[in-house]
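Subject: Structure handover

Hi,

Here is the structure we talked about. Please open it alongside these notes.

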Amino acid sequence: MNILVLAGGLSPEREVSLVSGSQIAKALINKGHSVYLLDLYYGIEDINNLYFSKNTDSIKDYIINNKAPENINENNIIGSNVIEACKKADIVYLALHGDIGENGKLQALLKLNNINYTGSDYDGCFLSMNKIVSKIIAKHNGIKTADWCINELDERVNFPCVVKPASCGSSIGITIAENMVDLYKALTSAKKYDKEVLIEEYVEGREFSVGILDDKPLPPIEIEVISGFYDYKNKYQAGLTKETCPAALDNDLTNKLQDAALKIHNALHLKYYSRIDFIVDSNDDIFFLEANSLPGMTPTSLLPQEAKAVGIDYNELCHKIAINALEH
């Protein structure tokens, strides 16, 4: 197939997306597809220069800095000829993270233009992108989630608390606040990325993620940070986090995590693949953190590790996601 991999854009997760996109593009070429990697922000000036390549050397490599880019999410901009380029492909593989890539706007635009694309439709992306909306839906479906308030502290939440932009991924803009001074700084930081800020009760426990592939749960992966918490730096810089997959859990807790993940995946109208994050406290109570409609696909990302645990290597994972787009 001719596959256009769409990455980059102006999200604060731009660098993560470009790394994901380049790895996905190479994997798809390794599976025999012809691929073009396109930056959503820059687009392509001359559509006649679009060439689907079978050579991995044609794909540029990217790296992730240890600090997320700032002040680049003010406008959701689509570059020159992006839709025209997408129409030339058999499918569009979405390797975007954050903002327009995951909030459903791009999915709606592609659907209006009858373009096949990977992942969930616009409704699932919208519902999962906003952490407040997804928490309300999880709670309505009987899944625990930490108490929260919005934009300012009230009686529902005590210190320590977790402060995060409502619609950002990759742990961008997240701070753990121990007191009012911390909270003020945390709110200032989070509001660089989103006008709406979630203030969430801190739940102490073990952190897990459960990937969904082909609408079925994969083995849970446990995330243990060497120092601090699972922030942007610890998430994407190699050697700062220990990740164990399958997680060392008894069958009962494994099944509960997988059942909760699949329940949220379905409740949020997500399709084919996603990743659902949890905290498990000392009583083995499961607390939903967030859902990811376009999970990261970098070399250190969680979903590829979970797929590998059931015998699906990275190339095959990308291929399976691409093929599913034809059935959208």
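Two strands pair if DSSP finds at least two bridges between them. Helices (H or I, at least four residues) and strands (E, at least two) are DSSP runs, numbered from the N terminus. This is a predicted model: local features need pLDDT of at least 70, side-chain atom pairs count only at pLDDT 80 or more, and totals for chains, interfaces and linings use all residues. Residues are numbered from 1 along each chain as its sequence is written, and side-chain values use heavy atoms, with hydrogens and water left out.

Strands first.

S7 (residues 197-201) runs antiparallel to S5, joined to it by five bridges. There, proline 165 has valine 197 of S7 as its bridge partner. S5 also pairs with S6 (residues 175-177), again antiparallel, over three bridges. Opposite cysteine 161 stands alanine 177 of S6.

Cys161, Val163 and Pro165 are buried on one side. Val162 and Lys164 are buried on the other.

Now the helices.

H5 (residues 122-129) packs on H6 (residues 131-140) at about 95°, axes 5 Å apart. H5 is therefore roughly perpendicular to H6 (65 to 115 degrees). Axes are lines fitted to C-alpha atoms over the stretch in contact, and angles run from 0 to 180 degrees between N-to-C directions.

From H5, Leu127, Ser128 and Met129 meet Lys131, Val133, Ser134 and Ile137 of H6 (heavy atoms within 4.5 Å). Four of the contact residues are nonpolar, two polar and one charged.

Best wishes

How values were computed
Parallel < 35°, antiparallel > 145°, perpendicular 65-115°, else oblique. Nonpolar A, V, L, I, M, F, W, Y, C, P; charged D, E, K, R; others polar. Buried < 20%, exposed > 50% of the residue type's maximum accessible area, 1.4 Å probe, protein only.
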